[in-house]
Amino acid sequence: MERRVTIRTPAILLGVPIPGSENPYLAAPTGSATYSVSVEDCNRPELRAEDLVYSRSLRELWISTLRGMGLGACASIRLDYSEGVSTKAGLYASASIALLYSLSKHYGETLSSMELVELARYGDPHYTGEWGYVLDALRYSAAEGGLVAYRNDEEHYTISRDVDARIELQGSKDLGEPRVTKESLGSDVYSAIIHTMGVTVLEASLRLNEGASLVKVLGDLAPVHEGVMMIVWGTGEAGRCISSPSMPRSVEVICLEVQERSG
């Protein structure tokens with residue numbers, strides 16, 4: 001049975017992956033994607049992904065997840081159309097949520113957003129270290145269809161489903177090794193950097209939850225994000241542009257034109 005699924009595609013707006021940390025991220029939709037997904041029973045899991053970003057990774061995620069569950073479902077997925085501007089990481093997150101949502105429906109189940117996030121991580125070939133939390137946050141935003149703060153399985157919160165972060169995509173950058181380590185800076189300094197980034201995302205979440213403008217919050221706090229990104233990874237942007245954590249060891253440079261929708 002073919003199913004059409006529309007998923008809002010997210011990007012990370014605040015939060016830096018720091019080795020050895022479990023810091024929160026602020027993620028929000030920047031567009032949407034409509035997929036046609038078909039799932040059927042078969043002897044061994046297989047996926048046909050037509051012209052999708054990271055299609056090979058999606059196939060590996062599908063096969064590994066199904067084998068881990070002892071299931072033999074086969075599927076196909078194609079992107080019918082998209083709206084807005086989506087990062088590659090946002091499209092990867094949305095496609096994986098669309099696949100696993102369709103899988104659950106095929107078996108007569110309805111999984112929560114966190115159950116979809118947890119299911120996706122176990123078969124994801126890119127899920128590694130601190131970058132795994134980036135993928136979790138993107139998928140949680142995609143599953144919820146809104147602006148979220150995500151730290152881990154226990155600490156996550158949907159702030160609003162009525163916010164679209166309109167962006168211009170300026171390209172991507174691959175990252176090398178971190179510029180700093182706990183050993184090079186010392187435990188106290190390194191912990192202070194982790195704490196600074198964590199409380200910055202928390203502060204943004206509190207302000208947004210109290211009704212503050214996303215434009216104002218990001219304008220105030222994005223410089224901290226970029227400062228930490230420069231300290232840890234040696235890359236940073238200025239003005240309304242940020243280095244948005246993407247697939248492992250990469251960022252996508254996005255320039256924000258934030259529009260908040262009412263109701």
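Author: Let us begin with two residues: Arg-121 is buried, and Asp-136 is buried too; buried means under 20% relative accessible area, exposed over 50%, and partly exposed in between, with a 1.4 Å probe and protein chains only. This is a predicted model, in which local features need pLDDT of at least 70 and side-chain atom pairs count only at pLDDT 80 or more, while totals for chains, interfaces and linings use all residues. Residues are numbered from 1 along each chain as its sequence is written, and side-chain values use heavy atoms, with hydrogens and water left out.

Reader: What makes the contact of Arg-121 and Asp-136 a salt bridge?

Author: A salt bridge is a side-chain nitrogen of Lys or Arg within 4 Å of a carboxyl oxygen of Asp or Glu. The N to O distance for Arg-121 and Asp-136 is 3.0 Å, so the pair meets this rule. Arg-121 belongs to helix H3 (residues 113-123) and Asp-136 to helix H4 (residues 131-144), 15 residues apart. Helices (H or I, at least four residues) and strands (E, at least two) are DSSP runs, numbered from the N terminus.

Reader: How many salt bridges does this rule give?

Author: The count comes to 17 salt bridges. One of them joins Asp-164 and Arg-8, whose closest N and O atoms are 2.5 Å apart. This pair links strand E7 (residues 163-174) with strand E1 (residues 2-14), 156 residues apart. Both Asp-164 and Arg-8 are buried.

Reader: Why is Ser-32 called buried?

Author: The relative accessible area of Ser-32 is 14%, which is under the cut-off, so the residue is buried. Ser-32 is found in strand E2 (residues 25-40).

Reader: How do you know that H3 is mostly covered?

Author: Eight of the eleven residues of H3 are buried. Among them are Met-114, Leu-116, Val-117 and Leu-119. The buried residues of H3 pack against helix H1 (55-69), helix H2 (88-106), H4, strand E5 (147-150) and strand E6 (156-160).

Reader: What makes Cys-42 and Cys-74 a disulfide?

Author: A disulfide is a pair of cysteine sulfur atoms within 2.5 Å. The sulfur atoms of Cys-42 and Cys-74 are 1.9 Å apart, so the pair qualifies. The torsion about the S-S bond is about 95°, so this disulfide is right-handed. Cys-42 lies in the loop between E2 and strand E3 (46-50) and Cys-74 in strand E4 (residues 74-84), so the pair ties together parts that are 32 residues apart in sequence. At 24% relative accessibility Cys-42 counts as partly exposed, whereas Cys-74, at 17%, counts as buried.

Reader: How many disulfides does a search of the whole structure find?

Author: The search finds two disulfides. A disulfide also joins Cys-241 to Cys-255, with an S to S distance of 2.0 Å. Cys-241 is in strand E8 (residues 241-245) and Cys-255 in strand E9 (residues 250-260), 14 residues apart.

Reader: Why does Cys-255 count as buried?

Author: Cys-255 has 4% relative accessibility, which is under the cut-off, so it counts as buried. Cys-241, at 15%, likewise counts as buried.

Key. Contact means heavy atoms within 4.5 Å.
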